[in-house]
Amino acid sequence: MVMSDTNQSAAGTAATERYEALFRVSQTLISIRSSEELFRLLAGELRAVVNFYVMGVGIYDESAHEVRLTSYGEPGVPLQVPKLALEETFTWWVFQHQQPLIIPSLDRETRFPAVAAMLKERGVRSVCALPLTTVHRRLGGLAVGSTESDAYNGEEVRFLSLVANQVALAVDDALNFDASHHAQEALQSSTKQFRQIVDNIPGLVSTRSATGAPEFVNRQMLEFFGQSLEQLPDWSSLIHPDDRERVVSLWRRSVDTGRPYDVEHRARRADGVYRWLHARGQVLRDADGRIVRWCNMLTDIDDRKRVEEALRTSELNLRAIVDAIPQFIAVIDAEGGVLYANQLLLQYTGWTLEDLKATDFPAMILHPHDFERLRAERQKALARGAPFELELRARRNDGQYRWFLVRYNPLRDDLENVLRWYASATDIDDRKRAEDRLQLLLDVTNQVVSNLQLSDLLGAISSSVRRVMQCDLVSVCFPDTEMKRLQTFVIDFPDSKGFIREELISIEGSLGGFVFRTGKPWAGNASDLLQSGLKNEPAIAEGLKTGCVLPLVSRNVVLGVLALGRREDNPFSQVDIGFLIQVANQVAIAVENATAYGQIEGARAELEKAFGEIKDLKDRLQDENVALREQIDQALMFEEIVGVSPALRAVISRVSKVAPTDSTVLLTGETGTGKELIARAIHKRSRGSSRAFVSVNCAAIPASLIASELFGHEKGAFTGATQRRLGRFELAEEGTIFLDEVGELPAETQITLLHVLQEREFQRVGGNQSIRANARVIAATNRDLEAAIAEGTFRSDLFYRLNVFPIEIPPLRERKEDIPLLVEYFIDRFARKAGKSIRGMNKKTLSLFLSYPWPGNIRELQNVVERSVIVCETENFSVDESWLSRKPLANEPKSQSELSQKFAAQEKEMIEAALRASGGRVSGPSGAAAKLGLHRSTLESKIASLKINKYRFKTANSSKVS
């Protein structure tokens, strides 16, 4: 507070002078903006209107909840004020009570002891304190002190109140000015700091208006793009052309919707280099939610992009390397979940990586017996945290298990905690199988040299073979003394259904018998058995899907067979068969050791003799086959079938349908119509076309020799049979045998032929061994076999066996369209053979050929043309009319032509009547063929040869119905 040496004037100045002085002080105070300057000036100017010795101003700081005191003495010198408690100040009292505080004498004052003591030390005896308050707020208090007691009466207090009001206004203005000044300085400082911060942010920062116009950019952005704020509105030109449309579209959509954006794109730097940037934008809204501006930031991520690309390339290369490793690779977390699997593992299991992650991977692919072992070893390894390896079986995508050597290596952190496991698996299945099979061979060898009890020996061997080869069935069979049946000697089949038992089975018609007879291993599946015609094999009923049968061969003698079967669809490989052959050889040695040496020697001698005979027969069969082929090629009647008539086309159509099958074919037709040529055509288009075509003219062979010719004979079968002879059926093995004039066979030969067709086997004359007949049979006749059946000269059951697929070959008179082609073909053939040049044929000759009925059919036509070519002296072909005799044969009517014409007319009338009755329908129960008692194909041929339009009967029938 300020002391004054001037005595307080008891005589006050006139009120007018004091108010004028107060007005001048007020004008002076209003012009002051600084609170510090205001308080200093106030201490000097108020002395003109107020009598005081010291003056103090207290301003309440609400934020600090304290009073800031400023005191002045005389003449306006600042005084030091100790730190006082808020409640100990005059200012706090008037601030709270908002009324003047009058202390007439400090000696009697007890409320403010600290302030009273300080003032009394400075000579102050009385105090007047007034609140500083404006209409807007409370500011604090103004206090004046006098060295006189009771210096401030009521009039003085009222005047001081006016002074306090003026001071309050001046202080409020000064405080507001200070606050504004401080705020401006703080704003400038904050702006400067913000600018420094933004300029040093490792990113490109900018703000834009709500419409997208640029407002502010930091130094980093200006330096990066090398442009000023005024140039940046055209920012889209700085974006890479490949990214421009995408980024601009996203920015416009964000401006329209007010949604933040986040995008990565390339932008051109000031040096022209494009770099990857990560652009993010957020909106700033006002209290009403309207967009005020956009805050944008671009971060240079080009280095990160390059690192990511390099890392991606490195990862792809690493993945390619891992996928190329011929091992299974998997990464497993500490809990056992799959994190990664290489391509080889995925291909083996047939699963995707997501499948492996979603399942209990080991439990799904490991063999049940191995999974528990893996879990136990893995628990131990987790406890130790040590690498380990196991040999396990894993299931392939086809259901088969293979052996693998699996190695587990842990990855640990700094605290030695296991983070994950790296597992690699090497396929050791071949090694394991080789080890097991080697041990099996060793066990079999030990059994062979130490055990001569055949049943015990074979029982032990069968059990070992079944275990190592993973089979359901192993059996050993030996032939009986007659070599006609096989006896199951040992069978190891724990899960048998009872269809395969220790019983005798026929060698003929059984799989075991086939292997025993041929001495060749067989491996296949149930479908192969069915295709081979072995429908009654008990293995099919047992549900065995794959099997392998091997001969037990010792010293080139087949002692028996070793059979294996599996219910799983897991075929035996060539490696399996090669190993089983070794096992079979060992088993054969065991059988040989357990059998008498003399019997073995005798059997060996017989087998060697049989082998030699088989070899001789094979050589002879090959020679005869070659000779027959040459004979067939030389004896071909025609080089090809000639003709285009509908009747011939119908025959060729039926030939093309039946040729690929193995069905028996019966060719009927008059003599000379080319039945053998049709038979050869069927053979050439059959599956056995590479085999022999053997032709037999049954009418040309004496009845006493026909059986030997067809079926062969054994040495000594009859007088003159000095050696074994193969019959035509054996020569036609897997080929075709053509029985021409089959209607001429004697009755006893018909019975034998019927047996061959039914049972597909025969015996040589004088022999007792059945031989399989695998030749296709084509029979031909010009006889009416149905009439022969009625006469009792031909067996009906043989007829039905032959008549599986009948083909009727039309006579030449019913295919006159073919006569010009045939004549031209024969002229060319015989002219070249005779060395002549014949260029044409006159119309008279052609008309003569067309009008002639040709009772001898194509053979007669061939002979006439050949004779004419021989006698022809010119280049123009002609024929002697006398050669085409129209005289009837001895057993024909006098006018054969007239009779043929009448018969054709009657036949045409009957066929048309039948077609009319059936509504043009040929086949079916109510068809014309059934009504006439003819085969459908025969009737079709006759309709074509008689030029009958069967469709006109269908039209007539339809109109009748309507």
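**Exercise 1.** State the volume of the second largest cavity and find which residues lie nearest its centre.

*Solution.* Step 1: the second largest cavity has a volume of about 220 Å³. A cavity is a set of points on a 1 Å grid over the protein atoms alone where a 1.4 Å probe fits but cannot get out, and lining residues have an atom within 4 Å of a point. Points are joined across faces, edges and corners, and the volume is the space filled by probe spheres set on them.

The model is predicted: local features need pLDDT of at least 70, side-chain atom pairs count only at pLDDT 80 or more, and totals for chains, interfaces and linings use all residues. Residues are numbered from 1 along each chain as its sequence is written, and side-chain values use heavy atoms, leaving out hydrogens and water.

Step 2: of the 19 lining residues, F361, I365, V406, Y408 and A425 lie nearest the centre.

Step 3: β12 (328-333), α11 (361-365), β14 (388-395), β15 (401-412) and β16 (418-427) give two or more residues each to this lining. The largest share, 4 residues, comes from β12. Helices (H or I, at least four residues) and strands (E, at least two) are DSSP runs, numbered from the N terminus.

**Exercise 2.** Describe the largest cavity by volume and lining.

*Solution.* Step 1: its volume is about 290 Å³.

Step 2: the largest cavity is lined by 19 residues, with R208, W235, Y261, H265 and L298 nearest its centre.

Step 3: β9 supplies the largest share of this lining, 4 residues.

**Exercise 3.** Count the cavities of 30 Å³ or more.

*Solution.* The count comes to 5.

Terms used. On a 1 Å grid over the protein atoms alone, a cavity is a set of points where a 1.4 Å probe fits but cannot get out, and a pocket is an open set with protein on both sides within 12 Å along at least five of seven lines; lining residues have an atom within 4 Å of a point.
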